Structures are given as C-alpha cells and as structure tokens.
Amino acid sequence: QRQLVIPALLALLLAAGFAGCGGSPAQPADVVEQWSRAISSGDNEAAADLFADGATVSQDGRSSTLAGHEEALAFNASLPCGGKIVAQSADGNTVTVT
C-alpha cells in the first residue's frame with residue numbers, strides 16, 4: 001500500500017479550502033477526502049490543485065517534496081490506482097493516508 005503525506009498547510013493555501021458561508025478553512029482530513037474523490041474519478045488536475053507547494057509525499061519508503069503544481073500533477077498522474085482511503089491519521093499539521 002502507498003502512503004500520501006500532505007502537510008496541513010495545504011488546507012490553508014487552497015482557494016477552494018474555504019468551506020461554507022462562514023469561510024472557515026477546511027480541515028486537513030477534508031482536503032484528503034477531496035483528493036481521494038478527485039484521484040478516484042481520474043481528475044488529476046483537481047487532485048493536484050489540492051497540494052500546497054512543498055507538500056511531501058511518501059511512497060515505497062521514499063519521500064519527495066513537490067515543488068509546485070506541475071510536480072503534484074505528475075505525482076497524481078503516476079499513481080497506478082485510485083485514491084481509496086483505507087486508513088488515515090492526523091498528527092499536528094500532517095495527515096497520513098494509506
């Protein structure tokens with residue numbers, strides 16, 4: 001199984017990261033759910049839009065920092081399967097998803 005680690009800063013940098021009429025920032029776990037839906041529907045562009053510059057992803061024991069949108073798009077396009085979340089945990093500003 002692959003892990004995707006997204007800093008919570010991601011939720012604060014998103015244009016779409018503001019939920020509802022109150023404009024409160026989306027929670028990191030909500031952003032992960034949005035990513036799962038986007039990647040599972042094959043919308044790599046929408047999935048990439050959810051990554052902040054400098055987001056970290058870990059796969060197969062290796063971690064990479066995504067410098068910007070194009071790298072996030074390439075990362076999402078490289079995933080061989082959908083983005084079904086089987087487990088997630090939060091630790092401070094980081095959400096880890098398997």
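Visitor: Is Asn76 buried or exposed?

Guide: A residue is called buried under 20% relative accessible area, exposed over 50%, and partly exposed in between, with a 1.4 Å probe and protein chains only. Asn76 has 2% relative accessibility, and therefore counts as buried. Please keep in mind that this is a predicted model, in which local features need pLDDT of at least 70, side-chain atom pairs count only at pLDDT 80 or more, and totals for chains, interfaces and linings use all residues. Residues are numbered from 1 along each chain as its sequence is written, and side-chain values use heavy atoms, with hydrogens and water left out.

Visitor: Where does Asn76 lie, and which residues is Asn76 in contact with?

Guide: Helices (H or I, at least four residues) and strands (E, at least two) are DSSP runs, numbered from the N terminus. Asn76 belongs to helix α4. Contact means heavy atoms within 4.5 Å. Setting aside neighbours within four places in sequence, Asn76 is in contact with Trp35, Ile39, Asn44, Ala47, Ala48 and Phe51.

Visitor: Which residues touch the most other members of the largest nonpolar core?

Guide: In soluble globular proteins, nonpolar side chains tend to be buried together. A nonpolar core is a set of buried Ala, Val, Leu, Ile, Met, Phe, Trp, Tyr and Cys residues joined through side-chain atoms within 4.5 Å. Here the largest such core has 15 residues, and Trp35, Phe51, Leu66 and Phe75 touch the most other members. Two or more residues of this core come from each of α2, α3 (44–49), β4 and α4 (69–78). The largest share, 4 residues, is that of α2.

Visitor: How can the length of helix α2 be checked?

Guide: The expected span of a helix is 1.5 Å times one less than its number of residues. Helix α2 (residues 28–40) has 13 residues and should therefore span 18 Å; its end C-alpha atoms are 18 Å apart, which agrees.

Visitor: Which residues of α2 are buried?

Guide: An α-helix has 3.6 residues a turn, so residues three or four places apart point the same way. In α2, the buried residues are Val31, Val32, Trp35, Ser36, Ala38 and Ile39. Ser40, also in this helix, is partly exposed because its relative accessibility is 45%. The side chain of Ser40 reaches the backbone oxygen of Ser36 at 2.9 Å. Just after α2, Gly42 has a positive phi of about 80°.

Visitor: What does Ser40 touch beyond its sequence neighbours?

Guide: Not counting residues up to four places away in sequence, Ser40 touches Gly82, Gly83 and Lys84. Ser40 and Lys84 are 44 residues apart along the chain, yet their C-alpha atoms are separated by 7.0 Å.

Visitor: Which side chain makes a polar contact with that of Ser58?

Guide: A polar contact is a pair of N or O atoms within 3.5 Å; within protein, one must be able to donate a hydrogen and the other to accept it, and residues adjacent in sequence count only if both atoms are side-chain atoms. The partner of Ser58 is the side chain of Ser63, at 2.8 Å. Ser58 lies in strand β4 (residues 55–59) and counts as buried because its relative accessibility is 16%.

Visitor: Where is confidence lowest and highest?

Guide: pLDDT is the predictor's confidence in each residue, from 0 to 100. Confidence is lowest in helix α1 (residues 9–13), with a mean of 33, and highest in α3, at 93. Over residues 6–21 the pLDDT is below 50. The chain averages 74, and 72% of the residues score at least 70.
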